[in-house]
Amino acid sequence: MHEVELGLDTFGDITIGEDGERLSDAQTIRDIVDQAVVADEVGLSFFGVGEHHRHEFAVSSPEIVLAAAAARTERIHLGTAVTVLSSDDPVRLYERFATLDAISRGRAEVILGRGSFIESFPLFGYDLRDYEVLFEEKLDLFSQLLREQPVTWQGTTRASLDAADVYPKTEHGIKAWVGVGGSPESIVRTARYGYGLMLAIIGGSAARFRPYVDLYHRSLDSFGHERMPVGVHSPGHVADTDAQAWDELYPAMEANRNAIGAERGWPPYSRLQFQQDVGPEGAIYAGSPETVARKIAQTVKTLGAERFDLKYANGTLSHGKMLRSIELYGTRVAPMVREMLAAS
């Protein structure tokens with residue numbers, strides 16, 4: 001079994017203080033940088049920060065937060081989870097990540113996505129009717145920019161380029177992924193451009209994504225690409241015992257799910273649904289270090305994944321509880337996962 005990388009993701013959820021009061025956006029952002037420092041100290045492989053443009057989340061410019069984290073960390077790779085490429089400009093995005101890569105001494109990664117939240121589209125003047133073409137064209141342009149050679153490009157979503165060279169250049173290139181929720185068309189497109197595949201598994205059993213992994217590998221072969229990594233992004237929380245982890249996580253997740261679900265027509269979230277989600281066939285990796293490690297190891301084996309990123313920030317969990325979760329994830333979960341995979 002290959003060596004698996006264990007990482008963390010956050011969407012920059014606005015959190016609460018130890019007194020139960022909502023923190024400011026500014027304090028939440030400062031806390032995220034501290035969380036990245038702890039993730040580096042406990043030996044984790046990756047720290048991802050998502051991009052959102054709504055009141056539940058503090059981070060709309062993840063590269064700036066990641067640059068602050070880069071200045072205070074040494075080994076951990078830093079990236080997005082995800083960058084909403086459809087409403088961004090590929091040239092400016094490349095420039096920002098090349099700059100982050102320089103600051104971090106080659107530790108920058110980008111995970112590109114279409115965006116499951118749509119606030120950025122009207123905010124930056126894009127029409128949702130162009131949802132598909134925006135991502136397709138911008139992914140094509142960004143793919144060419146990653147080669148770090150002059151680019152000639154023409155499309156319908158931005159100005160054309162004629163032998164345009166973009167700076168700064170990186171020392172060793174930028175590692176890039178595409179985040180996919182489970183559409184076969186998205187899987188094939190990711191393979192066609194030769195990106196790593198990051199599966200966002202936020203509901204149901206991880207095993208149901210195995211056909212997508214197989215499709216991805218077949219597609220890479222058909223397009224003549226070498227093998228690329230598969231990663232998994234799923235929510236979770238680690239505490240000293242199962243009961244503690246579940247009791248800490250449920251109120252925050254219930255509030256978060258119900259707020260977003262009210263906009264999308266979801267039924268109210270319940271403790272019964274939560275207990276199914278944290279069970280063996282659910283998509284939430286919450287519990288004691290042993291429980292979380294067993295579930296991650298099983299997912300990695302089932303999917304043949306090279307990386308697992310735990311979305312450790314879920315609603316209004318306090319900074320202290322998240323720091324403890326990160327500490328346990330790095331010092332206890334990660335070693336157990338590797339031992340379980342080695343034994344298999």
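Residues 24 or more positions apart supply 72% of the contacts (heavy atoms within 4.5 Å) with a separation of 6 or more in the protein chain. This is a predicted model, in which local features need pLDDT of at least 70, side-chain atom pairs count only at pLDDT 80 or more, and totals for chains, interfaces and linings use all residues. Residues are numbered from 1 along each chain as its sequence is written, and side-chain values use heavy atoms, with hydrogens and water left out.

**Overall shape and surface**

- Buried residues (under 20% relative accessible area, 1.4 Å probe, protein chains only) make up 54% of the 344.

**Secondary structure**

- The protein chain has eleven helices and twelve strands, taken as DSSP runs (H or I, at least four residues; E, at least two) numbered from the N terminus.

**Where α6 meets α7**

- Helix α6 (residues 184-193) and helix α7 (residues 210-222) have axes that come within 8 Å and cross at roughly 35 degrees; axes are lines fitted to C-alpha atoms over the stretch in contact, with angles from 0 to 180 degrees between N-to-C directions.
- On the α6 side, Pro-184, Ile-187, Val-188, Thr-190 and Ala-191 meet Tyr-212, Leu-215, Tyr-216, Ser-219 and Leu-220 of α7.

Note on methods. Buried means under 20% relative accessible area, exposed over 50%, partly exposed in between (1.4 Å probe, protein chains only).
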